[in-house]
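Please open the structure in your viewer and keep the sequence panel beside it.

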Amino acid sequence: MAKLRYFDAGKPAEPEPAQPISTGYTEFLRTGRINRNRPHWLAEEREYLTHEQVAERTALKLRDAGEKTHDRLNNFHRSIRFPKLIFHHTLKDTPHLGYCHVTAARTQFAHYEDVNWAFYIANFFARIGQEANFFEDISLKYSRMYFAVAIHPDKEAEDKKLTINRDVRGNGVLFHTHDPQIAIRNVLLLGARNEQLRDIIRQL
């Protein structure tokens with residue numbers, strides 16, 4: 001795959017020099033031909049960006065989305081509070097795409113006890129993969145993706161870094177959606193301390 005090149009689309013285009021209105025008309029009368037090769041505009045000089053610059057811009061947007069989402073979660077009810085654990089990653093060779101870790105906590109399910117989980121936002125949509133490639137079939141059909149996964153320490157890693165706990169629900173995915181309302185409701189359900197509060201959240 002060819003390495004993507006990025007340019008600053010926000011840079012205003014150079015205005016086209018004014019052309020005398022009669023120029024084309026006079027040329028037609030003189031030669032009887034219409035010059036269809038004359039450009040209708042001048043290509044503006046594009047300021048190309050490095051992948052590092054693109055990654056920095058992506059990071060700012062991801063962090064901003066993570067901050068706003070975390071504030072929204074913690075403003076719902078005083079008994080539900082999530083730690084702010086915001087960090088991001090951009091995808092290799094496509095730094096305009098990335099995902100942001102928003103928060104992490106522990107909850108209980110009917111068949112699982114003390115499940116640790118993490119909640120993320122991505123600026124693309126994809127299937128959650130089963131193997132080493134966590135994201136599969138990346139699509140820009142939706143501008144956001146929200147998902148939560150069960151996590152546990154990787155026993156094979158020397159630093160015991162956290163990895164997806166695929167023993168939970170077969171793939172470790174607790175929810176996966178492009179709808180922000182559904183995502184907020186699901187995270188609140190994960191953070192609710194009792195069934196009464198869960199009932200209130202389900203009615204949202």
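**The whole chain**

This is a predicted model, in which local features need pLDDT of at least 70 and side-chain atom pairs count only at pLDDT 80 or more, while totals for chains, interfaces and linings use all residues. Residues are numbered from 1 along each chain as its sequence is written, and side-chain values use heavy atoms, with hydrogens and water left out.

Colour the chain by pLDDT, the predictor's confidence in each residue on a scale from 0 to 100. The average for the protein is 82, and 77% of the residues score at least 70. Confidence is lowest in helix H1 (residues 22-31), with a mean of 56, and highest in E5, at 96. Where pLDDT is low, the predicted coordinates should not be read in detail.

Next, display the secondary structure. Along the sequence the pattern reads β-α-β-α-β-β-β-β-β-β-β-β-α-α. Of the 204 residues, 34% count as buried. Here buried means under 20% relative accessible area, exposed over 50%, and partly exposed in between, with a 1.4 Å probe and protein chains only. A contact requires heavy atoms within 4.5 Å; among contacts between residues at least 6 apart in sequence, 51% join residues at least 24 apart.

Select residues 180-191, helix H3. Its 12 residues reach 16 Å from first C-alpha to last, close to the 16 Å expected at 1.5 Å a residue; the expected span is 1.5 Å times one less than the number of residues.

Which residues of H3 are buried? They are Ala 183, Ile 184, Val 187, Leu 188, Leu 189, Leu 190 and Gly 191. These buried residues pack against H2 (51-74), E4 (94-107), E5 (115-122), E8 (145-153), E10 (173-177) and H4 (195-202).

Move on to H4, where Leu 197, Arg 198 and Ile 201 are buried. They lie on the same side of H4 because they cover an arc of only 105° around the axis, the arc being that of the directions from the helix axis to the C-beta atoms. The buried residues of H4 pack against H3. At the start of H4, a side-chain oxygen of Asn 194 comes to within 3.2 Å of the backbone nitrogen of Gln 196.

**The nonpolar cores**

Now select Phe 119 and Phe 175, the residues with the most contacts inside the largest nonpolar core, which has 23 residues. Such a core is a set of buried Ala, Val, Leu, Ile, Met, Phe, Trp, Tyr and Cys residues joined through side-chain atoms within 4.5 Å. E5, E8, E10, H3 and H4 are the elements that give two or more residues to this core, and H3 gives the most, with six. Apart from it lies another core of 19 residues, among them Tyr 99, Ile 128, Phe 135 and Ile 164.

**Two buried threonines**

Select Thr 69 in helix H2. Thr 69 is buried, at a relative accessible area of 12%, and a polar atom of its side chain lies 2.8 Å from the backbone oxygen of Ala 65. Leaving aside neighbours within four places in sequence, Thr 69 is in contact with Phe 119, Ile 121 and Ile 184.

Then select Thr 103 in strand E4. Thr 103 counts as buried because its relative accessibility is 0%. Its side chain reaches the backbone oxygen of Pro 83 at 2.6 Å.

**Two loop residues**

Finish with Asp 93, in the loop between strand E3 (87-91) and E4. Asp 93 has a positive phi of about 70° although it is not a glycine, and counts as partly exposed at 44% relative accessibility. Arg 169, in the loop between strand E9 (162-164) and E10, has a positive phi near 60° and is likewise a residue other than glycine. Arg 169 is partly exposed, with a relative accessible area of 45%.

Note on methods
Helices (H or I, at least four residues) and strands (E, at least two) are DSSP runs, numbered from the N terminus. A polar contact is a pair of N or O atoms within 3.5 Å; within protein, one must be able to donate a hydrogen and the other to accept it, and residues adjacent in sequence count only if both atoms are side-chain atoms.
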